[in-house]
Amino acid sequence: MTSRISAEHEYTMGYSPEFLQLLDRRNAHTHAAHLVSQLRAGMRLLDFGCGPGTITVGLAAAVKPGEVHGVDMEESQIEMARAAASAGGHDNITFHVGNVYELPFEDNYFDAAHCHAVLMHVPDTQSALREVKRVLKPGGIIASREMIAGSSFVEPAGEHIPDAWATFIRLLAGNGGHPEMGKELKRALLEAGFADVNTGGSFDYFDTAEEISFLHAFINDWFFMPQVVAAATQYGLATQAEFDQWRLEIDQWEDAVGAVGGLAFGEAIATKP
Ligand SMILES: C[S@@+](CC[C@H](N)C(=O)[O-])C[C@H]1O[C@@H](n2cnc3c(N)ncnc32)[C@H](O)[C@@H]1O
């Protein structure tokens, strides 16, 4: 299902407090470890699609006193990111409201560019990567970690839970996103002219009682929120009855013996020749 849900592409996840709880659990060491080991003091770094900046602040600490710029198209996220940087005393970061298709920087400006869970939402991957390549210095690195939605799971899964994942994937694709971007990164980076592409994969894994309870609450709060159900039902992706059944099975999953869950991600680092 690749038809568009709206003429204007929408960012599927939105900016609800429910979704922001998930971003709040991220930091540079848990979610950008593939890049942190490559960073050096003094590097100039771009974090595009930085959201509320929870990863950006850790990257800024790694390159301090290097200059860091966080860019996101959503003003509310930039306000939160500025507050997080100020609270943490990170005076080497500047946040900008802006679009990855048109970055407000001169050519060959950055030593490193980073994004996490962004290219999966950006419809025109090649235009975005070309723009990031423009602002990177020759020899500069790009790092990205993106979801592989089809390899994500809750276990033990009820009979209809695979249909819920399939609906999430169709919602993302319908909004112009790329639900499997995590495994398409190597191809996309090579196509954009990057070299020395190194890839890997990892899970955001939910195992302890606290983590299971968090993931359960997140799925309940976000996936079953009225806007998501309305979008999915309006565009014929699922019925209200199906959402009701999925909610029942997700509740059963939370209480099941041996419950685990995983969000699958692919990671890549590459160089601008
Ligand atoms: C899933 S959030 C990830 C935020 C952060 N990188 C993290 O992982 O915590 C995706 C972010 O990308 C931003 N975004 C999506 N498309 C964008 C674009 N074309 N230009 C700039 N930001 C964009 C959204 O506003 C959102 O804040």
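1. Ground rules first. Because the model is predicted, local features need pLDDT of at least 70 and side-chain atom pairs count only at pLDDT 80 or more, while totals for chains, interfaces and linings use all residues. Residues are numbered from 1 along each chain as its sequence is written.

2. The ligand has 23 residues around it, and the closest are Gly49, Gly51, Met73, Val100 and His116. To be near, a residue needs its C-beta atom, placed from the backbone, within 6 Å of the molecule. The shell splits into 13 nonpolar, seven polar and three charged residues. Here Ala, Val, Leu, Ile, Met, Phe, Trp, Tyr, Cys and Pro count as nonpolar, Asp, Glu, Lys and Arg as charged, and the others, Gly among them, as polar.

3. Most peptide bonds are trans. Even so, lysine 64 and proline 65 are joined by a cis one, with omega about 10°. Glutamate 155 and proline 156 also have a cis bond, omega about 0°. Proline 65 is in the loop between helix 4 (56–63) and strand 2 (68–72); proline 156 is in the loop between strand 6 (153–155) and helix 7 (161–174). Helices (H or I, at least four residues) and strands (E, at least two) are DSSP runs, numbered from the N terminus.

4. Alanine 117 has a positive phi of about 55° and is in the loop between strand 4 (110–116) and helix 6 (125–135). Alanine 117 is buried, with 22 other C-beta atoms within 10 Å (buried means 20 or more, exposed 12 or fewer, partly exposed in between, with C-beta atoms placed from the backbone).

5. Aspartate 196, in strand 7 (residues 195–206), has a positive phi near 50°. Aspartate 196 counts as exposed, with 11 C-beta neighbours inside 10 Å.
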